[in-house]
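Welcome to this guided tour. Open your viewer, get your selection tool ready, and follow along stop by stop.

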Amino acid sequence: MTSTLDTAHLQEWIGREEVAVDHLTPALAERFHATLSLPGEAPRDGEVAPRLIHFCLCQPVAPMDALGEDGHPARGGFLPPVPLPRRMWAGSDIAFSGELLVGDVVTRRSVVSEVTAKEGRTGALCFVTVDHEISGSAGIVAQDRQTIVYRALDAASPAREPEPAATGASTVAVSPTAPLLFRYSALTFNGHRIHYDHPYATSVEKYPGLVVHGPLQATMLLHLAATLGGKGAPDRFSFRSTSTLFDTEGFFLHAGHVADGELRLWTARSGGPVAMQAQAFWS
């Protein structure tokens, strides 16, 4: 129940700011390019870096004794200490105004902008919105409004089975192997155990398998959009997670048709519901 959440206390975190600095090295660009199986050669020093590589930069670096059971840094600090065990990246809305270059010193300025508690069909939910400003050698290159959702473990079953996702005009098959999920966790310095620790994911958080990262799906969709849009990478990209994908089954990237500078994209397993929905926009 949302009544168990001290929303007023959690909202004291609104306005908290954090600044982190990182180096976009050629090695990171090469590893990102290889993990995502991007076409062509990996960018070299001074060249344009792949979009959404900023998800791999400026991540929190907590000592081992400061990690929670789930592998994330313990609650509190920059983010509010929401007392719900499941924490997921619910989505982002990203406006691009430039490009990061390989070799850039990258700065991420982050501000907690909203904390909202709700009672959902599956129980108590808490949404935390963080506004990230990403800067490189060319100044501000992206503004990323990220939403994190927290919820209880003992979620009720859906009232009805969701409808299967439609098939896109363009589709790409993806095999979410354990090495892929582990490598993406390593790239993003993400210690969340649901992505690489099968006993923890299945026994503690009660998932049927390892969880496919939302940002990984989003990155795949953005790069698919860049190949279909006719104008390169989009100027704005938004995505929202609606259900979960696991390593137990392959899934597909789907895309519709570009119309008036907009493209709708989504992920889904075969015969399953939409897992992530996204939109790409070109000016």
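This is a predicted model: local features need pLDDT of at least 70, side-chain atom pairs count only at pLDDT 80 or more; totals for chains, interfaces and linings use all residues.

Let's begin with a term: a residue is called buried when its relative accessible area is under 20%, exposed when it is over 50%, and partly exposed in between, using a 1.4 Å probe and counting protein chains only. Residues are numbered from 1 along each chain as its sequence is written.

**The whole chain**

Show everything as a cartoon. You will find five helices and ten strands; helices (H or I, at least four residues) and strands (E, at least two) are DSSP runs, numbered from the N terminus. Along the principal axes, the C-alpha atoms fill a box of roughly 50 × 45 × 35 Å. The radius of gyration is 19 Å, which agrees with the value near 19 Å for a compact globule of 283 residues. That radius is taken over C-alpha atoms, and the globule rule is 2.2 Å times the number of residues to the power 0.38.

Of the 283 residues, 45% are buried. Contact here means heavy atoms within 4.5 Å. Take the contacts between residues at least 6 apart in sequence: 71% of them join residues at least 24 apart.

**Stop 1: the exposed loops**

Select D260, in the loop between β8 (251-255) and β9 (262-269). D260 counts as exposed, at 86% relative accessibility. Its phi is positive, about 55 degrees, although D260 is not a glycine. Most residues other than glycine have a negative phi.

Now jump to F189, in the loop between α3 (178-187) and α4 (198-203). F189 also has a positive phi, of about 50 degrees, without being a glycine. Is F189 buried or exposed? With a relative accessible area of 52%, F189 is exposed.

Select T188 next, which lies in the loop between α3 and α4. T188 counts as buried, at 6% relative accessibility. Leaving out residues up to four places away in sequence, T188 touches F55, C56 and Q59.

**Stop 2: around the helices**

Select helix α2, residues 26-35, and colour its buried residues: L28, A29, F32, H33 and T35. Which helices do the buried residues of α2 pack against? They pack against α3 and α5. Just after α2, look at S37, which takes a positive phi of about 55 degrees.

Then pick L180 in helix α3. L180 is buried, with a relative accessible area of 13%. Not counting residues up to four places away in sequence, L180 touches T35, S175, L216 and M220. Try the distance tool on L180 and L216: the two are 36 residues apart in sequence and 9.7 Å apart in space, C-alpha to C-alpha.

Follow the chain to H213, in the loop between α4 and α5. H213 counts as buried, at 1% relative accessibility. Beyond residues up to four places away in sequence, H213 touches L181, Y184, S185, N190 and H195.

**Stop 3: the nonpolar cores**

A nonpolar core is a set of buried Ala, Val, Leu, Ile, Met, Phe, Trp, Tyr and Cys residues joined through side-chain atoms within 4.5 Å. The largest one has 55 residues, and those with the most contacts inside it are L24, I53, L100, F237 and L265. Helix α5 (residues 214-228) gives the most to this core, with seven residues. Apart from this core lies another, of 14 residues, among them F78, L84, A124 and I148.

**Last stop: D93**

Finish at D93, in strand β2 (residues 86-96). D93 is partly exposed, with a relative accessible area of 29%. Beyond neighbours within four places in sequence, D93 is in contact with Q143, D144, R145, R236, F237 and S238.

Key
Side-chain values use heavy atoms; hydrogens and water are left out.
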